[in-house]
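I want to record each step in the order I took it.

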Amino acid sequence: MASQGLSSGLRLDRALSFSLAAGVALLLIVGVIYATANGTQQITSDAVSLHSADEALRSSSVARAQIAIAVHASTVDQQFGSDSSEAIDYALGEANRSLEDFDSALLSLTEEDATDPELLTIAAEFVATSRQVVEALETDQIDTARQLMSETLGDRFTGLVDGLVERRESLADAVASADTRLGRMGDAAGFLVAFLLPVAVILTHRILARRHARRSALESRLEAERRVSIAREEFIASASHELRTPLTSITGLAMLLEEHPAIAEDESSHELLQLIVSESLDLARMVDDLLTSARLDVGALSYSFEDVEISSELREITESMHRVGMAVQVDCEPAHVRADRVRLRQVFRNLLSNASRYGGANVRVEGRKDQKTYVCSVIDDGEGVSSQIAEQLFQKFAHKGRDTAQPGSVGLGLSIVHALTQGMGGSVRYERTGDETHFIVRLPLTDWAASQDETEPDSTIEDGSVLLGGRALA
């Protein structure tokens, strides 16, 4: 009986010991699982905060860079009278989007982690100053924008970057420390580590693979765009040579034949040669427009500015029109403008050709000084077109309704005129006055343009706005 009681007591002790050991093991396992889960959650939270800090750094850097580009481009436009409005608008758009991304990243960082109040204050000041600079640029307050950029924004950006970098390093240390603790707990729970480690590796690999794929795709697109740009420039150079050379030869030889006595005495031959000269000049003008449009599309059009006596230039242009039977009256006040001579001739050749083909029979050119600019008008007594066409007059390939091959359409010529006058620091607009059509070109006078190199561009030069009325272009 005593031995049975002893044996029963031993079995009870072993069962109790086993139960206690199982309970302790279970508690240890639960503790390890809980600690692992808690550590994993902490790492996840810190990683999200770290990503938010990185995103805040990235978006703030992009915003500052785009604002700097916009300020620089606006300053260059202000000093040299150039037109970088598209680049400035793009930079300001990117800056606004980056500031919105920065606000989102900072909000995420605040939600996931207790952010230093001083850092939040610096961030708020940076955003406020950035938006002040953007607003100043959008309202043409270039000096104010430049002052804010140089005196305020730089210091606030530096303080913001220092604070974000410090916070990012703190989060990175926290992530590293938590990872170390998890590694130690993993040694005590091998089966959990064996399960979680491959998952972590797979997830990390997928993230890195996606980033690499996105980076490779971006590099491929950039390389493709670079090759396309190079191909366009090579085509423009080749086409310019291949098309101009035969056209010049045809026009020159036709003009020589026209002066030959035998040709001059034969009325039909003389008319045919005049037709050859006229069509050759028209074809040369169209080739110039196509090549100029292609250069504008790829940003490869350059200007060679000089002091041009505009009244003599206009007389030379109209004399070439006389050779093909177009009578143009010229009444221009002598003056020197700052312009590219070749582009200036192209502008007025297009306007005169437009007037000849689609305007009235009476065409004249009037030019006068107007304060700091020279105003030159190409006028004819044509009928004009509807307001719908007039609203698109200086756009490329804007046509009358659905008909693109009839005289009442608009093609490249006026869009080229608009782009070239803006490129030379001037403007062009359309007016319908009484029974006459006016294309009014404004260009800066030489004396005013020289003074602007030392001061600032004047804002009184008109933009290329389009008024109601219109007529077609070849």
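In which helix does D89 lie? I began there, keeping in mind that the model is a predicted one, and I found D89 in helix α2. I then looked up its accessibility, and because the value is 52% relative accessibility, over the cut-off of 50%, D89 counts as exposed.

Next I looked at the charge around this residue. I noted that D89 belongs to a patch of negative charge on the surface, where it gathers with D83, E86, E135 and E138. Two elements, α2 (85-112) and α3 (117-138), each give two or more residues to this negative patch.

I checked its length: the 22 residues of the helix, at 1.5 Å a residue, should span 32 Å, and the end C-alpha atoms are 31 Å apart, which agrees. I also listed the buried residues of α3, among them L119, A123, F126, V127, S130, V133, V134 and L137. Beside this list I wrote a reminder that an α-helix has 3.6 residues a turn, so residues three or four places apart point the same way. Just after α3, I came to D140, which takes a positive phi of about 60 degrees.

I found a patch of positive charge on the surface, in which R206, R210, R211, R214 and R215 gather. I placed R211 in helix α5, which covers residues 190-259.

Terms used: Residues numbered from 1 in each chain as written. Predicted model: local features only at pLDDT ≥ 70, side-chain atom pairs only at ≥ 80, totals over all residues. Heavy atoms only, no water. Patch = residues over 30% accessible without salt bridge, like charges linked within 9 Å, V, L, I, M, F, W, Y side chains within 5 Å. Areas by Shrake-Rupley, 256 points an atom, 1.4 Å probe, with all protein chains shown as cover. Salt bridge = Lys/Arg side-chain N within 4 Å of Asp/Glu carboxyl O. Lys, Arg positive; Asp, Glu negative; His and termini not counted. Charge placed at Lys NZ, Arg CZ, Asp CG, Glu CD. Helix = DSSP H or I, 4+ residues; strand = E, 2+ residues; numbered from the N terminus. Buried < 20%, exposed > 50% of the residue type's maximum accessible area, 1.4 Å probe, protein only. Expected span 1.5 Å × (residues − 1).
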